[in-house]
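Visitor: Could you take one stretch of this chain and walk me through it slowly? I'd like to begin at a single residue and then see how its surroundings connect to the rest.

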Amino acid sequence: MDMYEVIVVGAGPAGCMLAQTAGKRCRVLLVESRDLHVPIEDGKEKSCGGLLNPTAQEVLAKLGLALPKEVLETPQVFAIRAIDYDTNQERYYPKHYINIHRGAFDRWMLSEALLSPRVDLCDRTTVVGFTPYETHVEVTLREKNGSVRQVKTRYLVGTDGAASLVRRHLEQKYCGPDEPRFPIRRYVSLQQWFTVEEEMPYYVALFDQRVTDYYSWMIPKSGHVILGAAIPEGKNVRGRFQYLKHRVQATGFSLGTPVREQGAILLRPYGPGSVYLGKGRVFLAGEAAGFISASSEEGISYALSSGTALGEALLYRKTPEETETLYRKRVLKLRWGLAAKAMKSVIMYSPKLRGAVFRSGLLSMDVK
Ligand SMILES: Cc1cc2nc3c(=O)[nH]c(=O)nc-3n(C[C@H](O)[C@H](O)[C@H](O)COP(=O)(O)OP(=O)(O)OC[C@H]3O[C@@H](n4cnc5c(N)ncnc54)[C@H](O)[C@@H]3O)c2cc1C
């Protein structure tokens, strides 16, 4: 049976950063269920708004990484139009996101990780289970053709995103009545793509309690606009989305027939207590660990930072306990950041408080 030092489950931004960092000295296997050999245009990328916020830009800068031009989308816009249907107000705010093609971004991150000769990639392969032992972890992989095999590793890392199998298995095994739990809210995000003749010169954020207690968005992408919403799991997602569509059309946005639809689970932490870093030889990073903003749904910067932090901890590790201590230390600032976002979300998602902020005009700007 093959033996790796680190097996990373999921080649998203967290997994790629982790593989790249740990791959400086460790033998790493990066396992990804998607087919990474199909052309990017096939549109099988993760469902995402594809906006890199200034924090993500700063993280890339600190890592010495510069975005290649094929990752960039058009248009690049610098304002957000916030429409509050709950209080019938709207405002424009300056915003400095970079509009990216999410599929191209993930492929670029992967190519950076694979520069290390110590990193092996196994795509079209899903991790379906694992068993931790004192000295190693046995991982079960299922390939696309249905064949199943076991691989051994010293450390297993779940960077498998919001619907993380690794987190679920750890919680089932270890989080009981006598052990801490890490509660986190789950949303279903639905995105539809529409062809447009004229690009919107802004992003749109939509607030409507009849759709969600979170928010909805519109993002221009190369001749298209994405309409998306994050709706609490278990609610009437399709019905609420239809209602949202009617609402934005009534506001003057012309949408037509969707050319594409994407769905995904999205996590929303209550604060730092929602973050679960793992147990023993099994760790979590990125959204699987609960690293994502509770106010804006932005998770790419957290994925890059937590993936790097765990990769560094694994590089300098001697024991699982030392790795955990070092990882915990390196993500302390990120956890404080999550606490600040959770506090901000209390104001943003209370119609009364948000209405007062809109009325005050604080930080908003005039647009012709
Ligand atoms: C609709 C939507 C819009 C968003 N918009 C933005 C945005 O504009 N800006 C932003 O910063 N953030 C945004 N986010 C959040 C952001 O996409 C995530 O937080 C970020 O992608 C998390 O990165 P990750 O590497 O932790 O996980 P992911 O990017 O989710 O990657 C996980 C990978 O693991 C693979 N995988 C899963 N399970 C297995 C398994 N068992 N075996 C093998 N592989 C597996 C998946 O195929 C996937 O490639 C958005 C999220 C959603 C849902």
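Where is the place of Lys69?

Guide: Lys69 sits in the loop between α2 and β4. Before we dig in, this is a predicted model, in which local features need pLDDT of at least 70 and side-chain atom pairs count only at pLDDT 80 or more, while totals for chains, interfaces and linings use all residues. Residues are numbered from 1 along each chain as its sequence is written. The element names come from DSSP runs numbered from the N terminus: H or I of at least four residues for helices, E of at least two for strands.

Lys69 is exposed because it has 6 other C-beta atoms within 10 Å. The cut-offs here are 20 or more other C-beta atoms within 10 Å of a residue's own for buried, 12 or fewer for exposed, and anything in between for partly exposed, with C-beta atoms placed from the backbone.

The peptide bond from Thr74 to Pro75 is cis, with omega near -10 degrees. As background, most peptide bonds are trans, and most residues other than glycine have a negative phi.

Ser222, in the loop between β13 (216-221) and β14 (224-232), has a positive phi near 35 degrees without being a glycine. Ser222 counts as exposed because it has 11 C-beta neighbours inside 10 Å. Glu297 is another non-glycine residue with a positive phi, near 70 degrees, and its place is in the loop between β17 (282-284) and α6. Glu297 is buried, though, since 20 other C-beta atoms lie within 10 Å.

Helix α2 (residues 54-62) packs against α6 at an angle of about 30 degrees, and their axes are 8 Å apart. So α2 is roughly parallel to α6. For the geometry, axes are lines fitted to C-alpha atoms, for helices over the stretch in contact, and angles run from 0 to 180 degrees between N-to-C directions. Angles under 35 degrees count as roughly parallel, over 145 as roughly antiparallel, 65 to 115 as roughly perpendicular, and the rest as oblique. The α2/α6 crossing is left-handed, meaning that the near helix is turned anticlockwise from the far one by less than a right angle; clockwise would be right-handed.

α6 is mostly covered, with 14 of its 16 residues buried. Leu314 and His136 are 178 residues apart in sequence but 14 Å apart in space, C-alpha to C-alpha. His136 lies in the loop between β8 and β9 (137-143) and counts as partly exposed because it has 18 C-beta neighbours inside 10 Å.

The largest share, 3 residues, comes from α1. Of the 39 residues around the ligand, Gly10, Gly12, Gly161, Gly286 and Gly299 come nearest, where being near takes a C-beta atom, placed from the backbone, within 6 Å. By class, the shell has 16 nonpolar, 16 polar and 7 charged residues. Nonpolar here covers Ala, Val, Leu, Ile, Met, Phe, Trp, Tyr, Cys and Pro, charged covers Asp, Glu, Lys and Arg, and the others, Gly among them, are polar.

Last stop, α1. This helix packs with helix α3 (residues 102-113) at an angle of about 15 degrees, with their axes 8 Å apart. So α1 is roughly parallel to α3, and α1 passes α3 in a left-handed crossing. Ser111 is in helix α3, and it counts as exposed because it has 11 C-beta neighbours inside 10 Å. Ser111 and Cys16 are 95 residues apart in sequence, yet 8.7 Å apart from C-alpha to C-alpha.
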